[in-house]
Structures are given as structure tokens and as C-alpha cells.
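I opened my notebook today to look through a new structure, one step at a time. Here is what I looked up, in the order I went.

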Amino acid sequence: METLESLEERQANTRARLAHEEASLARVVPDGTRSASEAWCLYASAVSAARRASRQLAVDEAVLRESLEDALFWARQRQAQGVVHCAACRGTGEDSRPAPGSALEGAACPACEGRGRVRLHGR
């Protein structure tokens, strides 16, 4: 999964690229010659690609934000119900030690009995 820092770095790079491409397009003087027309087409295409990349990053940001909001919602729900991830297995339900004599299946976490979550005391 992408981290926030890498997304922010990609967004900054894309914004800088878009600004550079737009500045390059603005420098083209349409004087009716074929070379000016070809240069304009080239730079317009580059601007279009940079804008498309910028829109895709906005979608990536929205997906990341939605995922975070969903995780926060469920964490708050579990906390309100008095259920939290097991600290011993970090919510996996598996013991960190391998089962004696078995290399195929991990043993269930003794703290949460393999459920990955425990009830808070007093609830």
C-alpha cells in the first residue's frame, strides 16, 4: 500500500511537471509555420499527459482517504463495543511461536484464542 509521504512526493513532482509543461506551451509563438504548429502540438500533448497524471493522483488520494476513513470508522465501532485488536498477536489470531511438531499451521494466539480481538475489561 502506498504511504502518505510517497503520494505527497508524487503529487509535488506531478505539479512541478505540469507547471513546466504549461510554461513550455506558453512560450510557443503560433506564427503559422509548420515548426511552430508541431511544437505547439508536442507541448499540448505533454500538458494533457501531465494533467491526466494529476487527475490520477487525485483519484489515488481519494482512495487512500476513503480507506483511512473506513478503517477509522471500524476502529471506533469496535472500541465503542469494547472490542480491540489483541496486543499479543496484533490482530492476526496466530501465536508468534510455531506449533510444536507442525510447520504447516501456526498455533492460535493464547491471549485471544485465535480470534484476533479481545474485549476490553469492564464491558
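Predicted model: local features only at pLDDT ≥ 70, side-chain atom pairs only at ≥ 80, totals over all residues.

**Entry 1: the rings**

I began with aromatic pairs, and the structure holds 1 of them. The partners are Phe73 and Trp74: their ring centres are 5.0 Å apart and their planes stand at 75°, so I wrote the pair down as edge-to-face, the label for angles over 60 degrees.

**Entry 2: the overall plan**

Next I stepped back to the whole protein chain. I found 2 helices and 4 strands, and from the N terminus on they run α-α-β-β-β-β. The chain has 123 residues, and buried ones make up 19% of them. I also looked at contacts with a separation of 6 or more: 57% of these join residues 24 or more positions apart.

**Entry 3: helix α2**

How far apart are the end C-alpha atoms of helix α2? I did the check with 1.5 Å a residue: the 47 residues of α2 (residues 34-80) should span 69 Å, and the end C-alpha atoms are 69 Å apart, so the two values agree. Just after α2, I noted that Gly82 takes a positive phi of about 80°.

Then I asked which residues of α2 are buried. My list reads Ala36, Ala46, Val47, Ala50, Leu57 and Leu64. What covers them includes α1 (4-27).

I picked Gln11, which has its place in helix α1. Its relative accessibility is 14%, and because buried means under 20%, Gln11 counts as buried. What does Gln11 touch, leaving aside its neighbours within four places in sequence? The answer is Leu57 and Glu61.

**Entry 4: the largest pocket**

Last, I went looking for pockets. The largest pocket has a volume of about 170 Å³. It is lined by 10 residues, and the closest to its centre are Leu4, Glu61, Leu64, Arg65 and Leu68. The elements that give two or more residues to this lining are α1 and α2. I sorted the lining by class as well and got 4 nonpolar, 2 polar and 4 charged residues.

How values were computed. Residues numbered from 1 in each chain as written. Heavy atoms only, no water. Expected span 1.5 Å × (residues − 1). Buried < 20%, exposed > 50% of the residue type's maximum accessible area, 1.4 Å probe, protein only. Contact = heavy atoms within 4.5 Å. Phe/Tyr/Trp six-rings, centres within 6.5 Å; stacked < 30°, edge-to-face > 60°. 1 Å grid on protein atoms, 1.4 Å probe; cavity = no way out; pocket = protein on both sides within 12 Å on 5 of 7 lines; lining within 4 Å. Points joined across faces, edges and corners; volume = space filled by probe spheres on them. Nonpolar A, V, L, I, M, F, W, Y, C, P; charged D, E, K, R; others polar.
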